[in-house]
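Hello,

Here is the structure for your set. My notes follow below it.

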Amino acid sequence: MNIKDFAEKFIKAEDEAFQKGNFEPLKALEDPKVVYHMSSFGDLVGHEAHKQNVMSSHQLASDIKQEWKYLTGEGNLFALSYQARYISKGNIPGMPPAGKEASRDALFLLRVKHGKVVEVWNNGSWKGIDIEAVKNASKK
Amino acid sequence: MNIKDFAEKFIKGEEEAFLTGNCNALEKLEDPKIVYHFIALGQEIAGWEGHKQYILGLRSAVPGIRPDWKYITGDGNIFSLLLKMSGSKFTGQVPGFPPPTGKEVTVNSLFVLRLNKGKIVEGWSNGTIMGLS
């Protein structure tokens, strides 16, 4: 499979996980020890941690709409842009009041080894969210 | 030249451009028709000359600004870098830039760069940029 096809498969798997809660396709594409270097939240280590991260976002927001776009790729590397819109549930400090929108715009770089994603870097901006307050609230 | 060596050369070229205003080393690494997608700024810069003017403008707008680049990974014709900048204030009035804020400029951005025939032809960046508006 070439890297663009792999990237498209990853996008579909992410959508399936976010929209339907079905993590099986994503699990098949990620190394169990995958590391996500999240610019805002530090490192997430392991597929299970990634899964929990996706699930926890549904506790904070509803109507999550995300759009992935393949940018480039070669060998074992590919890059994606990511845009997401959320409707806040207003249940945690740092998130907007219930019913208000927040958004995320980010660049992702993913490294594949032996046909699985092993390492991911992302960086971007949040709108409507006080990310430091969310981080502090998440630690409690 | 392998991609990591190229990336290190690019970092030196960027540092020289930012710290001294000498863009010659950087010019040799970029295609004249390079396109930069600065997603966080909602801005695209097309062409080497545009990139050069952006760097020189930023040097004037934020005197003393110093980039801190870190190589992350690379494969084939693609490499990725992390850029951090802080410690300098946006005080200079420069055409093409918003009015000075007087605030410290901090940047934390991920870059992905693509080469063709030994030159960078396209770059994407996204991250947090504070103090410019």
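This is a predicted model: local features need pLDDT of at least 70, side-chain atom pairs count only at pLDDT 80 or more; totals for chains, interfaces and linings use all residues.

On one side of α1(A), D5(A), Q19(A) and K20(A) are exposed (12 or fewer other C-beta atoms within 10 Å of a residue's own, with C-beta atoms placed from the backbone; buried means 20 or more, partly exposed lies in between). On the other side, I3(A), A7(A), F10(A), A13(A) and E14(A) are buried.

Residues are numbered from 1 along each chain as its sequence is written, while chains are lettered from A and ligands numbered from 1 in the order written.

Helix α1 of chain A covers residues 3–20. Helices are DSSP runs of H or I, at least four residues; strands are runs of E, at least two; both are numbered from the N terminus. The buried residues of α1(A) pack against α2 (24–29), β3 (61–74), β4 (77–88) and β6 (116–127) of chain A. Just after the helix, G21(A) has a positive phi of about 75 degrees.

Now the core. L109(A) is among the residues with the most contacts inside the largest nonpolar core, which has 52 residues (buried Ala, Val, Leu, Ile, Met, Phe, Trp, Tyr and Cys joined through C-beta atoms within 7 Å). Strand β5 (residues 104–116) of chain B gives the largest share, 7 residues.

Regards

Terms used:
The expected span of a helix is 1.5 Å times one less than its number of residues. Two residues are in contact if their C-beta atoms, placed from the backbone, lie within 7 Å.
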